[in-house]
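Biologist: Can you walk me through this model? Keep it short, please.

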Amino acid sequence: MAVKIRLKRLGKIRAPYYRIVVADSRTKRDGRVIEEIGKYHPTESPSFIEVDSDRAQYWLSVGAQPTEQVEAILKLTGDWGKFKGDKDAKSTVQTKEPKAAYVADGAKKVVLKPKAEKPAKAVEPEAEAEAAADEA
């Protein structure tokens, strides 16, 4: 049985994302898989790439053949270099910078006041009784 490491397409028509999977070479592109070992989102900037390095190394060691696209991804993550014997192989995947936490400007006037600061209006029971009698 020939085993391939390839991409399984998911997502909408113009918004694809992929899972890096290990599958029998005779199955359909999006068919049954043996194992999922990573994710690839090409539409994000920079592209999101996540690969389970241990599982990729295992499948490469037992003879699974990566497709051209997956081989390029494995070269970026450094897994292909490790498999070929390069001990200095490192990941060159670019990552997004985390968003800065939003901080409200303290110099500006706050529009909304907390409920605890608003004084509660106390209505006297006698005034209620008089208002009810006037309405009737």
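Predicted model: local features only at pLDDT ≥ 70, side-chain atom pairs only at ≥ 80, totals over all residues.

Modeller: Start with α2, where Val 70, Ile 73, Leu 74 and Thr 77 are buried. Buried means under 20% relative accessible area, with a 1.4 Å probe and protein chains only. Helices are DSSP runs of H or I, at least four residues, and strands are runs of E, at least two, numbered from the N terminus.

Biologist: Why are those on the same side of α2?

Modeller: Because they cover an arc of only 100° around the axis. The arc is that of the directions from the helix axis to the C-beta atoms.

Biologist: How many residues has the largest nonpolar core?

Modeller: It has 18, and Ile 5 and Ile 20 have the most contacts inside it. Such a core joins buried Ala, Val, Leu, Ile, Met, Phe, Trp, Tyr and Cys through side-chain atoms within 4.5 Å.

Biologist: What is Ile 20 in contact with?

Modeller: Beyond four places in sequence, its partners include Ile 5, Leu 7, Ile 37, Val 51, Val 70 and Ile 73. Contact means heavy atoms within 4.5 Å.

Biologist: New topic. How do β3 and β4 pair?

Modeller: Antiparallel, over four bridges. Pairing takes at least two DSSP bridges. A hairpin of six residues joins β3 to β4, and Tyr 40 stands opposite Ile 49.

Biologist: Which face of β4 is covered?

Modeller: The one with Ile 49 and Val 51; Phe 48 and Glu 50 are on the uncovered face.

Definitions and conventions. Residues numbered from 1 in each chain as written. Heavy atoms only, no water. Buried < 20%, exposed > 50% of the residue type's maximum accessible area, 1.4 Å probe, protein only.
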